[in-house]
Amino acid sequence: CEKGYILNHAKRPREALDAYLVAERKRPWVTHQQKARALRGQGFALIDIGRLDEAEDALRRSLQAEPDNAVALGELKYIAELRRQ
């Protein structure tokens, strides 16, 4: 997740997405909170590359582990705003 976070902030969302996918899928020992973080990161990267449906899906999956996460809820609202524009 840290690598994905750095890549996202370096404006390299495709590489960030790859890092977040590894963090989610190839690390079976992670906690639910860590998996939720990886899914949120995927959502951020997918928004940046314009894949809103996939971003929404990742963010909704992150909410399964952390239903009240304000960041994920805020990003879902942001996606809805993007779609209205």
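The model is predicted. Helix H3 (32-48) is the element that gives the most to that lining, with 4 residues.

**Largest pocket**

- The volume of the largest pocket is about 160 Å³.
- Its lining consists of Cys1, Tyr5, Asn8, His9, Tyr20, Arg37, Arg40, Gly41 and Phe44.
- Two or more of these residues come from each of helix H1 (2-9) and helix H3 (32-48).
- The contribution of H3 is 4 residues, the most from any element.

**Helix H3**

- H3 is 17 residues in length and spans 25 Å between its first and last C-alpha, which is close to the 24 Å expected at 1.5 Å a residue.
- The buried residues of H3 are Ala36, Ala38, Leu39, Arg40, Gly41, Gln42, Gly43, Ala45, Leu46 and Ile47.
- These buried residues pack against H1, H2, H4 and H5.

**Helix H1**

- Glutamate 2 is located in helix H1. Its relative accessibility is 47%, so glutamate 2 counts as partly exposed.
- The side chains of glutamate 2 and arginine 37 form a polar contact of 2.5 Å.
- Glutamate 2 is 46 residues from aspartate 48 in sequence, and the C-alpha atoms of the two are 18 Å apart.
- Tyrosine 5 also has its place in helix H1. This residue is partly exposed because its relative accessibility is 44%.
- Between tyrosine 5 and glycine 41 there are 7.0 Å from C-alpha to C-alpha, at a sequence separation of 36 residues.
- Asparagine 8 is a residue of helix H1. With a relative accessible area of 11%, asparagine 8 is buried.
- Beyond its neighbours within four places in sequence, asparagine 8 is in contact with Pro13, Ala16, Tyr20, Gly41, Phe44, Ala45 and Asp48.

**Lysine 11 and helix H2**

- Lysine 11 is in the loop between H1 and helix H2 (13-25).
- The phi of lysine 11 is positive, near 60°, although the residue is not glycine. Most residues other than glycine have a negative phi.
- Lysine 11 is exposed because its relative accessibility is 71%.
- Arginine 14 is in helix H2. A relative accessible area of 55% makes arginine 14 exposed.
- Arginine 14 and aspartate 53 lie 39 residues apart along the chain, with 16 Å between their C-alpha atoms.

**Glutamate 66**

- Glutamate 66 is part of the loop between helix H4 (52-65) and helix H5 (70-84).
- Its relative accessible area is 19%, and glutamate 66 is therefore buried, the cut-off being under 20%.
- The side chain of glutamate 66 is joined to that of arginine 40 by a polar contact of 2.6 Å.
- Apart from neighbours within four places in sequence, the residues in contact with glutamate 66 are Gln33, Ala36 and Arg40.

**Isoleucine 79**

- Isoleucine 79 is found in helix H5. At 1% relative accessibility, isoleucine 79 is buried.
- If residues up to four places away in sequence are not counted, isoleucine 79 touches Ile47, Leu52, Ala55, Glu56 and Leu59.
- Isoleucine 79 and glycine 43 are separated by 36 residues in sequence and by 9.9 Å in space, C-alpha to C-alpha.

Notes:
Residues numbered from 1 in each chain as written. Predicted model: local features only at pLDDT ≥ 70, side-chain atom pairs only at ≥ 80, totals over all residues. Heavy atoms only, no water. Buried < 20%, exposed > 50% of the residue type's maximum accessible area, 1.4 Å probe, protein only. Polar contact = N/O pair within 3.5 Å; in protein donor to acceptor, adjacent residues only side chain to side chain. Contact = heavy atoms within 4.5 Å. 1 Å grid on protein atoms, 1.4 Å probe; cavity = no way out; pocket = protein on both sides within 12 Å on 5 of 7 lines; lining within 4 Å. Points joined across faces, edges and corners; volume = space filled by probe spheres on them. Expected span 1.5 Å × (residues − 1).
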